[in-house]
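Reader: I'm new to this one, and I'd like to learn how to read it feature by feature. Could you walk me through it?

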Amino acid sequence: MATGNINVSVENIFPLIKKFLYSDHEIFLRELISNATDATLKLKHLTSIGEAKIEYGNPMIEVKIDKDNQTLHIIDQGVGMTADEVEKYINQIAFSGAEEFIEKYKDKNGKDAGIIGHFGLGFYSAFMVAKKVEIITKSYTDAPAAHWTCDGSPAFTLEETDKKERGTEIILHIADDSTEFLEENRISGLLTKYNKFMPVPIKFGTRTETLPKPENTKEEDPAPTHEVDNIINNPNPAWTKAPTDLKDEDYKNFYRELYPMQFEEPLFNIHLNVDYPFNLTGILYFPRLGQDMNMQKDRIQLYQNQVYVTDNVEGIVPEFLTMLRGVIDSPDIPLNVSRSYLQADGAVKKISSYITRKVADKLNSLFNESREDFEKKWDDIKIVIEYGMLSEDKFFEKAQKFALYPTVDGTYFTYDELVEKIKANQTDKDDKLVILYAGDKDAQHAYIASAKEKGYEVLLLDSPIVSHLIQKLESEKEKVSFVRVDGDHIDNLIKKDDEVISKLNDEEKESLKTVLEEIVPKTKFSVQLEAMDSNASPFIITQPEFMRRMKEMSQTGGGGMFGMGNMPEMYNLVVNTNHELVGEILNTKTKKKQERLINQALDLARLSQNLLKGEELTAFIKRSYDMIK
Ligand code: ADP
Ligand code: MG
């Protein structure tokens with residue numbers, strides 16, 4: 001038997017390991033299973049090239065809990081190690097890796113602990129949960145089996161043993177503060193989290209399987225059962241296969257496998273597959289998103305060679321695509337670095353722009369294949385597309401071909417089609433195209449109706465980020481401006497050449513304004529007199545585009561003016577001086593009646609902008625009943 005000290009200069013490294021990876025203790029299991037998988041795949045390789053002259057067979061990895069002895073076992077049938085290899089790979093190299101790791105992150109107060117914990121410690125992460133670790137291993141060569149033991153101090157023992165079968169068994173004597181890892185539920189939870197798609201079958205206990213009833217058995221006889229290995233993983237997940245080998249159904253099944261709690265089917269998927277200049281495979285799914293921008297539960301999962309790493313893909317996948325679901329698998333993403341480093345990394349940047357391009361191409365081909373189908377999906381995918389147009393210039397460019405602008409009547413235009421259409425019936429003086437839109441078909445109904453009466457198209461733009469998007473379009477495109485239908489009276493939004501002549505003279509206007517301003521609350525409305533068609537409404541409440549948009553933008557974050565979100569709502573009261581009722585207000589002799597007319601007309605205007613609520617609404621209704629009784 002050999003004893004010795006592990007090659008280490010940092011005194012007592014184990015407490016450090018514990019401290020630094022505190023939040024991520026559970027990753028020890030993934031590390032050990034990764035090693036077992038590596039060892040198995042190495043053997044597969046060696047047999048395939050004739051280097052190891054043995055039958056590869058169907059090796060699996062077994063995870064076993066021994067409650068009586070307080071141990072957890074990870075057993076593989078891979079290459080195994082000779083005593084010399086244990087000396088070299090475990091005592092020397094592996095530990096020096098751990099040492100370097102601790103050295104590097106000693107000063108960082110766990111700031112990036114999340115990602116640091118992902119990889120880097122390997123075998124020694126076992127000491128996060130074990131007070132003593134044993135390795136019993138038999139190499140695929142004829143060298144005798146070896147037994148290594150270490151109790152968490154730099155001292156170890158290494159002796160010969162008589163294990164017959166090829167492979168390695170790691171035995172963890174679980175520490176008193178880590179007994180959770182002796183619980184079946186905890187371990188099976190970890191196995192599903194980290195190892196669900198690893199390439200070698202992983203056995204955890206057995207399960208009972210019902211067999212078909214043999215013929216001539218009675219109805220009441222129970223079906224026979226037998227115990228089978230409980231394999232917790234799917235070693236050949238869909239993303240590792242060629243897209244040509246997969247049917248639509250296979251993609252849907254894989255989605256269910258990934259997100260067993262998701263009952264809705266995805267809209268479509270994108271299979272990613274590159275091997276140059278970096279390696280990346282994966283499948284992204286577009287879920288039905290609707291208006292919801294904060295889908296946090298079922299996120300894109302990042303794998304490295306089928307080992308689960310994280311579901312925080314920030315920095316690797318462009319932000320607007322983090323709303324999608326699915327997996328990406330790449331050995332080329334550096335993991336033991338901080339997020340900010342990740343974002344500056346050249347390879348990662350390429351990955352991110354590759355993904356963006358693939359998504360844009362897919363959307364484009366869906367659009368071209370069936371525009372009708374694409375239009376049907378638009379409401380569910382627009383958030384991602386609009387968000388992408390805002391945040392990635394490359395995507396903005398590509399999206400010109402498939403981004404849609406629906407009208408309130410359900411016609412979908414591309415931007416070019418829209419401009420073409422609007423040009424045909426707009427002859428604005430300063431040839432700037434005005435694009436009318438509504439944010440809510442019901443709330444802005446009256447305004448939409450008067451725009452349509454004039455023959456204008458009105459878009460329905462109702463995503464939460466729409467104010468940002470139109471701001472972007474106005475700055476990228478030439479000579480267009482977007483205005484919401486309730487931004488002003490329609491004849492002011494789109495200027496016509498023919499001016500309407502006012503029925504009132506300047507003096508009359510002056511006194512009308514005085515009367516109105518006495519009664520209409522100044523803090524809420526600013527009165528604006530306009531000579532309009534006599535059959536247009538007498539009072540119209542509008543909200544100037546610029547102010548409203550800035551306010552919305554600061555509420556949805558970024559882009560807007562600082563502090564705008566807290567400003568009170570300000571409206572204009574547009575009064576049609578050519579309307580009969582307005583003439584009557586001006587000419588009414590008694591103050592009382594004048595006041596009544598103004599208040600009633602103002603309330604009606606508020607009602608059509610959905611601004612009349614609570615006490616004021618009650619008073620209005622009462623007043624209206626009194627009028628008709
Ligand atoms: P890494 O896996 O990154 O090489 P580890 O610390 O996880 O680092 O493992 C160190 C080395 O120990 C491995 O490279 C391998 O040579 C050896 N090793 C660990 N576990 C096993 C195993 N189950 N079977 C064979 N060799 C192993
Ligand atoms: Mg390892």
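Author: A crossing of two helices is left-handed if the near helix is turned anticlockwise from the far one by less than a right angle, and right-handed if it is turned clockwise. Keep in mind that what you're looking at is a predicted model. Here, helix H17 passes helix H18 in a left-handed crossing.

Reader: Where do I find those two helices, and at roughly what angle do their axes cross?

Author: H17 covers residues 580–587 and H18 covers residues 591–608. Their axes come within 8 Å and cross at roughly 150°. Angles over 145 degrees count as roughly antiparallel, so H17 and H18 are roughly antiparallel to each other.

Reader: Which residues of H17 meet H18?

Author: On the H17 side look for Leu 581, Glu 584, Ile 585 and Leu 586. They meet Lys 593, Gln 594, Leu 597, Ile 598 and Ala 601 in H18.

Reader: Let me try another pair. At about what angle do H9 and H13 pack?

Author: About 45°, with their axes 10 Å apart. H9 is residues 371–391, and H13 is residues 466–476. An angle that is not roughly parallel, perpendicular or antiparallel counts as oblique, so H9 and H13 are oblique to each other. H9 passes H13 in a left-handed crossing. At the meeting place, Glu 386, Met 389 and Leu 390 in H9 meet His 468, Leu 469 and Lys 472 in H13.

Reader: Now a single residue. Is Asn 195 buried or exposed?

Author: The idea is to look at relative accessibility, where under 20% means buried. Asn 195 has 0%, so it counts as buried. You'll find Asn 195 in helix H5, residues 184–195. Setting aside neighbours within four places in sequence, its contacts are Arg 30, Ile 33, Leu 190, Ile 202, Ile 232 and Asn 233.

Reader: And what should I look for in the backbone?

Author: Then look for the exceptions. Gln 70 isn't a glycine, yet its phi is positive, near 55°. Gln 70 sits in the loop between strand E2 (61–66) and strand E3 (71–75). With 34% relative accessibility, Gln 70 counts as partly exposed. Asn 305, not a glycine either, has a positive phi of about 45°. Its place is the loop between strand E12 (301–304) and strand E13 (307–310).

Reader: Which peptide bond is cis?

Author: Look at the one from Tyr 276 to Pro 277, which is cis, with omega near 0°. Pro 277 lies in the loop between strand E10 (268–274) and strand E11 (280–286).

Reader: Let's zoom out. How many helices and strands does the chain have?

Author: There are 19 helices and 22 strands. Of the 629 residues in the chain, 49% are buried. As for surface, the chain exposes about 31,800 Å², and carbon and sulfur atoms supply 49% of that. Among contacts with a separation of 6 or more, 71% are between residues 24 or more positions apart.

Reader: Where is pLDDT under 50?

Author: Check residues 109–117, where pLDDT stays under 50. The model has 17 contacts beyond four places in sequence for that stretch. Across the chain, pLDDT averages 87, and 87% of the residues score at least 70.

How values were computed: Residues are numbered from 1 along each chain as its sequence is written. Chains are lettered from A and ligands numbered from 1 in the order in which they are written. This is a predicted model: local features need pLDDT of at least 70, side-chain atom pairs count only at pLDDT 80 or more; totals for chains, interfaces and linings use all residues. Side-chain values use heavy atoms; hydrogens and water are left out. Helices (H or I, at least four residues) and strands (E, at least two) are DSSP runs, numbered from the N terminus. Buried means under 20% relative accessible area, exposed over 50%, partly exposed in between (1.4 Å probe, protein chains only). Contact means heavy atoms within 4.5 Å. Accessible areas come from the Shrake-Rupley method with a 1.4 Å probe; for residues, only the protein chains shown count as cover. pLDDT is the predictor's confidence in each residue, from 0 to 100. Axes are lines fitted to C-alpha atoms, for helices over the stretch in contact, and angles run from 0 to 180 degrees between N-to-C directions. Angles under 35 degrees count as roughly parallel, over 145 as roughly antiparallel, 65 to 115 as roughly perpendicular and the rest as oblique.
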